[in-house]
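Trainee: I would like to learn how a model such as this one is read, feature by feature, with the general idea set out before the particular case. Could we go through it together?

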Amino acid sequence: MSDPAVLEIVQMEDGEVILRTAESEGEPLLSIRISDEAADLLRDNRFEVAREMIDHAITRTRLWDGEEDEDEQSEGIVH
């Protein structure tokens, strides 16, 4: 069994927030771009909002386990 990957959340210079493996500088596993309009509303909370979104993706949906959350099985769910 391979060692688990160490993941890091990074805010890029352009404001995009990415999730990547700590040992990789390549393409991110996930990226979140928040529009300028939304960024204005969020003020200094852009990173925290993106971090919460990533946390939800990893913990609630078990994204990395390959299992689908029962609440997320129906198509077309919009939050």
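Mentor: Read from the N terminus on, the elements of the protein chain follow the order β-β-β-α-α, which gives two helices and three strands. This is a predicted model, in which local features need pLDDT of at least 70 and side-chain atom pairs count only at pLDDT 80 or more, while totals for chains, interfaces and linings use all residues. Residues are numbered from 1 along each chain as its sequence is written, and side-chain values use heavy atoms, with hydrogens and water left out.

Trainee: In what order do the three strands form the sheet?

Mentor: Two strands count as paired if DSSP finds at least two bridges between them. In this model the sheet is open, its three strands are arranged in the order 1-2-3, and the pairing is antiparallel. Strand 1 and strand 3 (30–32) each have a single partner strand and stand at the edges, so one side of each lacks a neighbour in the sheet. For angles, axes are lines fitted to C-alpha atoms, for helices over the stretch in contact, and the values run from 0 to 180 degrees between N-to-C directions. On average, and with direction ignored, neighbouring strands of this sheet are turned by 20° against each other.

Trainee: Which element packs on the sheet?

Mentor: Contact means heavy atoms within 4.5 Å. Helix 2 (residues 46–59) packs on the sheet and touches strand 1, strand 2 and strand 3, while its direction makes about 155° with that of strand 1.

Trainee: How many bridges join strand 1 and strand 2?

Mentor: Strand 1 (residues 7–11) and strand 2 (residues 17–21) are paired in the antiparallel sense over five bridges, and Val10 has Ile18 of strand 2 as its bridge partner. The two strands form a hairpin with five residues between them, and in the turn Gly15 has a positive phi of about 95°. A positive phi is also found in a residue other than glycine, namely Arg43, where the value is near 55°; Arg43 lies in the loop between helix 1 (36–42) and helix 2.

Trainee: Is Arg43 buried or exposed?

Mentor: A residue is called buried under 20% relative accessible area, exposed over 50% and partly exposed in between, with a 1.4 Å probe and protein chains only. Arg43 has a relative accessible area of 68% and is therefore exposed. Across the protein chain, 20% of the 79 residues count as buried. Among them is Thr21 in strand 2, with 18% relative accessibility, and, not counting residues up to four places away in sequence, Thr21 touches Ala5, Val6, Leu7, Glu8 and Leu29.

Trainee: How many salt bridges does a search of the whole structure find?

Mentor: A salt bridge requires a side-chain nitrogen of Lys or Arg within 4 Å of a carboxyl oxygen of Asp or Glu. The search finds two salt bridges. In one of them the side chains of Glu8 and Arg20 meet at 2.8 Å, N to O, and this pair links distant parts of the chain, with Glu8 in strand 1 and Arg20 in strand 2, twelve residues apart. Glu8 is partly exposed at 25% relative accessible area, whereas Arg20 is buried at 12%. Glu52 forms a salt bridge with Arg51, and their closest N and O atoms are 3.5 Å apart; Glu52 is partly exposed at 45%, and Arg51 is partly exposed at 34%.

Trainee: Which side chain of opposite charge is nearest to Arg46?

Mentor: For charge, Lys and Arg count as positive and Asp and Glu as negative, while His and the chain ends are not counted. Arg46, found in helix 2, is buried yet has no salt bridge, and the nearest side chain of opposite charge, that of Asp36, is 5.2 Å away. Leaving aside neighbours within four places in sequence, Arg46 is in contact with Gln11, Asp14, Gly15, Ile34 and Ala39. Ile34, in the loop between strand 3 and helix 1, is buried at 11% relative accessibility. The C-alpha atoms of Ile34 and Glu16 are separated by 6.9 Å, although these residues are 18 residues apart along the chain.

Conventions:
Helices (H or I, at least four residues) and strands (E, at least two) are DSSP runs, numbered from the N terminus.
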